Amino acid sequence: MGKRKLQHFAENKTFRHVIEPTSDEMLNDRFSLKGKWGEEFFGNANPIVLELGCGKGEYSVGMGRLYPEKNFIGVDIKGARIWRGAKTVQEDAIPNVAFLRTRIDFITSAFGPEEVSEIWLTFSDPMIGQSENRRLTSRIFIERYLKILRPGGIIKLKSDSDFLTEYTLEQIEGHGYRLLEVSRDVYGEMERFNPELQQLLNIRTHYEKKWLAEGKKINFCAFVP
Ligand SMILES: C[S@@+](CC[C@H](N)C(=O)[O-])C[C@H]1O[C@@H](n2cnc3c(N)ncnc32)[C@H](O)[C@@H]1O
């Protein structure tokens, strides 16, 4: 492992806003912040929004700056990526953004029933040719999200992948989820969205910038499971 990566892992441990639960806490449902993020971590009862597969956390940080009255938690298993967003949160003293280093598969060990208001999935891996159950919009993951989302909580997918978007739309239709919005060209259709959503959709992630540079169109869909 590179020296930089090791430094970033070490620095993550010094950040109060980077939480790295142990396997025991996740596997045996012993994580002490579960159901208590507002009260014990943020010190308020504001809505909690998750960015799953956050990578460097551009959405968590960007939304955190735009909405001080909400709390944002970026979740990813890769500590070196999380470090980037966490460093910005530290340097800019952003009080309403945290990062959780864990597998999203264990999300129901990290949050209690109805603890989460909204979920963003930003440029999730489409997992083409891999088990469907690894896709973050598969039935198995949506069932997990339903256990932590408040009633009516929205899931938003921003993606470069036509495959993952079509797959997600099939899941929405097949399982009777409520589709709120769909676009296959976010930047080409920006004026369609209300000003608040436009502001959110204009946040660009690390992967997104790569795809945009290659001329790819960006998809977006929002639904209530
Ligand atoms: C293609 S990257 C996108 C990262 C970031 N959202 C962006 O747009 O730049 C997908 C991210 O999801 C994370 N990821 C995928 N499956 C995961 C899982 N089951 N648990 C935790 N993280 C996962 C990967 O580690 C990776 O950082």
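These are my notebook entries from a look through a predicted model of this protein.

**Entry 1: overall build**

I started with the whole chain. I counted out the secondary structure as 10 helices and eight strands. Next I checked how the chain is packed: the radius of gyration is 17 Å, close to the 17 Å that the globule rule gives for 225 residues, so the protein is as compact as a globular protein of that length. The box that holds the C-alpha atoms, taken along the principal axes, comes to roughly 40 × 40 × 35 Å.

How much of the protein is buried? I noted 49% of the 225 residues. I also looked at who touches whom along the chain. Of the contacts with a separation of 6 or more, 74% are between residues 24 or more positions apart.

**Entry 2: surface and charge**

The protein exposes about 10,800 Å², and I wrote down that carbon and sulfur atoms supply 49% of that area. For charge, I have 33 positive and 32 negative side chains. The centres of those two sets lie 5 Å apart.

**Entry 3: cysteines**

I wanted to know about disulfides before going further. A disulfide is a covalent bond between the sulfur atoms of two cysteines. How many disulfides did I find? The count comes to zero.

Why is Cys54 not bonded? The closest cysteine sulfur, in Cys221, is 19 Å from the sulfur of Cys54, and that is too far for a bond, given a cut-off of 2.5 Å between the sulfur atoms. Looked at from the other end, Cys221 is in no disulfide either, with the sulfur of Cys54 as its nearest cysteine sulfur at 19 Å.

Buried or exposed? Cys54 has a relative accessible area of 3%, so I put Cys54 down as buried. Cys221 is at 0% relative accessibility, so Cys221 goes down as buried too.

**Entry 4: helix α8**

Cys221 turned up again when I moved to helix α8. Ile172 is found in this helix, and its contacts beyond four places in sequence are Tyr177, Leu179, Cys221 and Phe223. Ile172 counts as buried because its relative accessibility is 4%. I also took one distance here: Ser138 is 34 residues from Ile172 in sequence, and their C-alpha atoms are 9.8 Å apart.

I then went to Thr165, which also sits in α8, a helix that covers residues 162-175. Which residues does Thr165 touch, leaving aside its neighbours within four places? I noted Leu157, Ser159 and Asn219. Thr165 has a relative accessible area of 1%, so it is buried.

**Entry 5: helix α4**

Helix α4 runs over residues 58-66 and is mostly covered, with seven of its nine residues buried. Which ones are they? My list reads Glu58, Tyr59, Ser60, Val61, Gly62, Met63 and Gly64.

Lys147 and Val61 are 86 residues apart along the chain, and their C-alpha atoms are separated by 25 Å. Lys147 itself is exposed, because its relative accessible area is 56%.

**Entry 6: positive phi**

Ala93 has a phi near 50 degrees, which is a positive value in a residue other than glycine. Where is Ala93? I found Ala93 in the loop between α5 (79-91) and β4 (97-101). Its relative accessibility is 60%, so Ala93 counts as exposed.

While in that loop I also looked at Pro95, which lies between α5 and β4 as well. Pro95 is at 70% relative accessibility, so Pro95 is exposed. From Pro95 to Glu181 there are 86 residues along the chain, and I have 31 Å between their C-alpha atoms.

Met127 is another non-glycine with a positive phi, about 55 degrees. Its place is the loop between β5 (116-122) and α7 (139-148). Is Met127 buried or exposed? Its relative accessibility is 15%, so Met127 counts as buried, whereas Ala93 is exposed.

Terms used
Residues numbered from 1 in each chain as written. Predicted model: local features only at pLDDT ≥ 70, side-chain atom pairs only at ≥ 80, totals over all residues. Heavy atoms only, no water. Helix = DSSP H or I, 4+ residues; strand = E, 2+ residues; numbered from the N terminus. Buried < 20%, exposed > 50% of the residue type's maximum accessible area, 1.4 Å probe, protein only. Rg over C-alpha atoms; globule rule 2.2 N^0.38 Å. Contact = heavy atoms within 4.5 Å. Areas by Shrake-Rupley, 256 points an atom, 1.4 Å probe, with all protein chains shown as cover. Lys, Arg positive; Asp, Glu negative; His and termini not counted. Charge placed at Lys NZ, Arg CZ, Asp CG, Glu CD.
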